[in-house]
Amino acid sequence: MSPNSKLTSTIAIVGAGDVGATIAYSLIMNPVAGEILLVDPKEEVRDAQVQDLSDATFHGNTSTRVRAGTHKEAGQCDIIVMTAGAKQKKGESRTDLVGRNKAILSSAIDDMKPFASDTILLLVANPVDVLTYFAQQFSDLPKNQVIGSGTFLDSARLRGILAAKAEVAASSIEAFVCGEHGESQFVAWSKASIGGVPLELALPSNIKLDKNAVAEETKNKANNIIENKGVTNYGIGGVAASICKSIMFDEKNILPVSHWQEDLGVCLSIPAVVGRKGVVRTVEMGFSGEEKEALQKSAKTLKEVLEA
């Protein structure tokens with residue numbers, strides 16, 4: 001179905017838990033689509049979320065409408081955001097979730113088929129790189145139309161940490177976390193900048209940056225949040241809405257999303273141009289030698305999970 005053959009643009013969110021509802025709320029507050037469909041087999045929870053979210057649309061500053069939908073309807077939407085899956089528990093790694101969430105993903109995709117030819121499938125559930133790979137296998141959509149949120153949130157966290165240290169706005173920081181959204185992720189320090197100036201030159205002279213400590217803080221931030229409140233939902237809600245906006249409006253923003261890497265044989269995050277067709281192209285980063293090694297290590301880690 002062509003986007004021009006529908007009266008309104010539609011985003012489906014599969015999974016009406018904390019993360020799915022927060023993504024929906026972000027899409028209501030910053031309208032991207034005319035309609036949001038919430039899909040979840042737990043109908044009572046889904047319907048309660050629809051009612052609660054709808055209340056946020058009635059104050060007059062948004063034209064977005066929210067309703068309950070089916071998996072079949074979701075398959076015909078412009079974007080399908082997959083949040084459905086088991087929650088990451090305290091002390092559990094993202095890769096521990098593979099078996100449970102792979103089965104949930106396979107069932108959901110079967111229920112949504114056949115997909116509209118121009119549908120974009122956005123994976124948010126963890127482990128996001130592994131599930132993005134399997135979603136490409138299960139859905140039969142072109143690989144550029146199946147992407148994961150990847151290290152976009154990690155990169156946002158990194159920008160926040162660096163902005164606080166440099167005492168500048170986070171929007172002035174250009175820095176990416178790449179590779180797996182997980183233990184083997186790495187910061188592309190060689191490309192980090194503030195206001196277009198290389199990081200080392202732009203930092204105040206009295207600031208000594210411990211790059212390893214910053215990378216560890218970035219990587220562990222989610223675990224710290226989960227340890228204390230049980231879930232991370234606001235950060236990923238904002239990030240997923242930003243990806244949807246770049247797709248729906250064909251903005252072609254450069255975002256560190258998880259997508260297929262032909263030379264590595266896995267899905268992982270390298271900055272890519274994201275538009276209405278999904279990933280338009282991967283950006284050639286010109287990684288340093290050390291970063292290239294970290295990328296290979298990350299790919300190897302993910303392959304071991306896929307082949308387990």
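How much space lies in the second largest pocket?

Analyst: The second largest pocket holds about 440 Å³ of space, in a model that is predicted rather than determined by experiment, where local features need pLDDT of at least 70, side-chain atom pairs count only at pLDDT 80 or more, and totals for chains, interfaces and linings use all residues. Residues are numbered from 1 along each chain as its sequence is written, and side-chain values use heavy atoms, with hydrogens and water left out. A pocket here is an open set of points on a 1 Å grid over the protein atoms alone where a 1.4 Å probe fits, with protein on both sides within 12 Å along at least five of seven lines, and its lining residues have an atom within 4 Å of a point. The volume is the space filled by probe spheres set on the points, which are joined across faces, edges and corners.

The lining of the second largest pocket consists of 16 residues, and those nearest its centre are Q185, F186, V187, E290 and A294. Two or more lining residues come from each of β9 (186-187), α8 and α10 (289-307), helices being DSSP runs of H or I with at least four residues and strands runs of E with at least two, numbered from the N terminus. By class, the lining of this second pocket has five nonpolar, five polar and six charged residues (Ala, Val, Leu, Ile, Met, Phe, Trp, Tyr, Cys and Pro are nonpolar, Asp, Glu, Lys and Arg charged, and the others, Gly among them, polar).

The largest pocket has a volume of about 830 Å³, and its lining takes in 40 residues, with T83, A84, G85, A86 and K87 nearest its centre. Helices α1 (18-29), α4 (98-112), α6 (152-166) and α8 (211-229) are the elements that give two or more residues to that lining, and α4 supplies the largest share, five residues. The lining of the largest pocket divides into 18 nonpolar, 15 polar and seven charged residues. Because domain 1 (10-148) and domain 2 (151-307) both give residues to its lining, the largest pocket lies between them; these bounds come from an automatic or database domain assignment. The centres of the two domains, taken over C-alpha atoms, are separated by 22 Å, and their contact takes 34 residues from domain 1 and 39 residues from domain 2, where contact means heavy atoms within 4.5 Å.

Some single positions complete the picture. A272, in strand β15 (residues 272-275), counts as buried at 0% relative accessibility (buried is under 20% relative accessible area, exposed over 50%, and partly exposed in between, for a 1.4 Å probe and protein chains only). Beyond its neighbours within four places in sequence, A272 is in contact with residues including N253, I254, L255 and V279. E167, in the loop between α6 and β7 (173-174), is not a glycine but has a positive phi of about 55°, and it is exposed, with a relative accessible area of 72%. K252 also has a positive phi, near 55°, in a residue other than glycine, and counts as partly exposed at 40% relative accessibility. A cis peptide bond joins K113 and P114, with omega about 0°, and P114 is found in the loop between α4 and β5 (120-123).

Taken as a whole, the protein chain has 10 helices and 16 strands, and buried residues make up 53% of its 308 residues.
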